[in-house]
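Please keep the sequence and the coordinates at hand while reading.

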Amino acid sequence: MDKTPACVSWCRQVLAVVVFVSVPAFVVAQTSPQTSPSSSTPPRSRGQGEPTKADLLRGAYGPYRANNDLLFYHLDIRIDPEKKLISGKNTIRFKMLKDDTRIQLDLNDAIKVDKILLGSAPLHYERDSGAVFVDFAETLRTDHIYTIDFYYSGSPVQTGRFGGFTFGTDPSGQPWIYTACEGIGASIWWPNKDQWRDEVENMQISVSIPNNLVDVSNGRFTGKTDLGDGYTRWDWFVHYPINNYDVSVNIGNYQHFSDRLGDLDMDFYALPDDMEKARKQFAQAKGMIEAYQHYFGDYPFKEDGYKLIEVPYSGMEHQSAVTYGNHFANGYLERDWTGVGISPRFDFIIIHESGHEWFGNSITAADSSDMWIHEGWTTYLESLYVEYMYGKDDAIKYLNGYKSKVKNERPIITARGVNGEPPPDQYFKGVLFINTLRSIVNDDTRWWKLLHDFYQHFKYQNIMTEDVLQYFNQQTGMNLTPIFDQYLRHTAIPILELKFDGPDGTVSYRWKADEPMFKMPVRVGRKDNWQILHATAEWQTMRTALKKDDFEVATDLYYVNVTKE
Ligand SMILES: [Zn+2]
């Protein structure tokens, strides 16, 4: 459904790795092409340089997307591990928002369209750079609901950071088949309206696989049916709106165990040899959910339950079916992720990917340009987990560890309507920006209420930065617009310029920033006795008993640079 409120997701978990290679994904992204030579889709600009036609068709909310509102998918497919083949159909129900004869869907050019039916009538269609334009013989009427069956078959290309769709094998040689297609897009393996703004209200997923295998998809498991031909169909039902890229199959020789947190079902899947490690490591999921529920309210997908599923790549936030490949060890791929001694206390992938259930899956950006709403916020959730478990000092220390990863080379909000990925700063600068907001609010009781109410206000919706800003301005009574714009839409962070006049005992100060109206309070002086400076872009002067070298700025509470002269 179109969950967009007033104005207008890849996890692309930045930290995930190319399968079996222990290198953070953003490093990979900068050094290797996103699209393998085997892909039949033209290489994408990924947000840098001139967008390709495919980027524009995928990224824009064009007229043949905007003329309808998604209601429901039933993805019903058979997956043959030997032939590496998918075949089946997606039943798509949508409501027309205006009279028209054409809609836009998407399917990677490597996959064959077998037929598209309205009832029993075949529909004409035209394929162009990953888009499939479906034409109707008669005008579809505003407010009327239509259902089409999109039949397809083929072998998906394995491409991009996570493989998109991978026919793999586990260490014992059994098939291990999994999806991770944020960015590349779900249309790499199934036909859908492949954009972020409009989501179905709920979804059925039916996956037929050889009898000896298990499929774990999103939502609630509703049963399995022996088809009598060596295949079994596994049925799942998603009771909530879901991103296309979150829709997943995880097929393998999985074993299963379960737990409960209050009335929330928690289900865990791992390979037989890893069950013991999984039982131990996945116990962290309870504390994680308790922490996030403390700050934001109930786990968003209770009807579907929470699942954690072993995969060979580092992880992905697939809604209610989070995938996990962090070696059953704390830290991120056994490293101290923010380098300050706190990350080794917990399993980074459980904490980060599951945080996306609140930011990314429940609250979703309406355009990948504003993906910091997924990643900046979820990175902030990591620090909230630390704060819940170990206190504020450790949380501030943990998130300041991200400073060394910030590049400040491009703004973290990118061009709207163009398929692409914002830079990794959306994570690291994102969390430092949100921590700065907390210091501006300067009242933790108000801050916790603001965070809780912000989440509750926008849950299950697709929003843009304008919505976040408007809400924060309204709730705080402050004009945060120049601050949001400086951190999110400019490359540089603000610089607090200080000029000391020793004999006079004064210091002059101002902000140097791209936003002409930039002003922000900041704590200065001595750590045990901060005073708040209401600095603007204009020079002001105040008396200080402190010498230049003793005059400190609380740069762990505000992400700013400081110059002194
Ligand atoms: Zn993420």
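Aspartate 394 is buried, its relative accessible area being 19%; here buried denotes under 20% relative accessible area, exposed over 50%, and partly exposed the range in between, for a 1.4 Å probe and protein chains only. The model is a predicted one, in which local features need pLDDT of at least 70 and side-chain atom pairs count only at pLDDT 80 or more, whereas totals for chains, interfaces and linings use all residues. Residues are numbered from 1 along each chain as its sequence is written, and side-chain values use heavy atoms, with hydrogens and water left out.

Aspartate 394 forms a salt bridge with arginine 345, with 2.8 Å between the closest N and O atoms. Aspartate 394 belongs to helix H8 (residues 392-400), while arginine 345 lies in the loop between strand E20 (322-324) and helix H6 (348-355), so the contact ties together parts that are 49 residues apart in sequence. Arginine 345 counts as partly exposed, at 34% relative accessibility. A salt bridge is taken as a side-chain nitrogen of Lys or Arg within 4 Å of a carboxyl oxygen of Asp or Glu. Helices (H or I, at least four residues) and strands (E, at least two) are DSSP runs, numbered from the N terminus.

By this salt-bridge rule the count comes to 25. One of these pairs joins aspartate 229 to arginine 78, at 2.8 Å from N to O. Because aspartate 229 is in the loop between strand E13 (220-226) and strand E14 (231-238) and arginine 78 is in strand E1 (residues 68-80), this pair ties together parts that are 151 residues apart in sequence. Aspartate 229 is partly exposed at 43% relative accessibility, and arginine 78 is partly exposed at 30%.

Arginine 102 and glutamate 126 also form a salt bridge, their closest N and O atoms lying 3.1 Å apart. Arginine 102 in strand E3 (residues 100-106) and glutamate 126 in strand E6 (residues 124-128) are 24 residues apart, and the pair links distant parts of the chain. Arginine 102 is buried at 16% relative accessible area, whereas glutamate 126 is partly exposed at 43%. Elsewhere, a network of salt bridges links Glu387, Lys392, Arg438 and Asp444.

Strand E9 (residues 164-169) has five of its six residues buried. Six bridges pair E9 with strand E10 (residues 175-180) in the antiparallel sense; pairing requires that DSSP find at least two bridges between two strands. Within this pairing, phenylalanine 165 has threonine 179 in E10 as its bridge partner. E9 and E10 form a hairpin with five residues between them, and glycine 173 in the turn has a positive phi of about 90 degrees.
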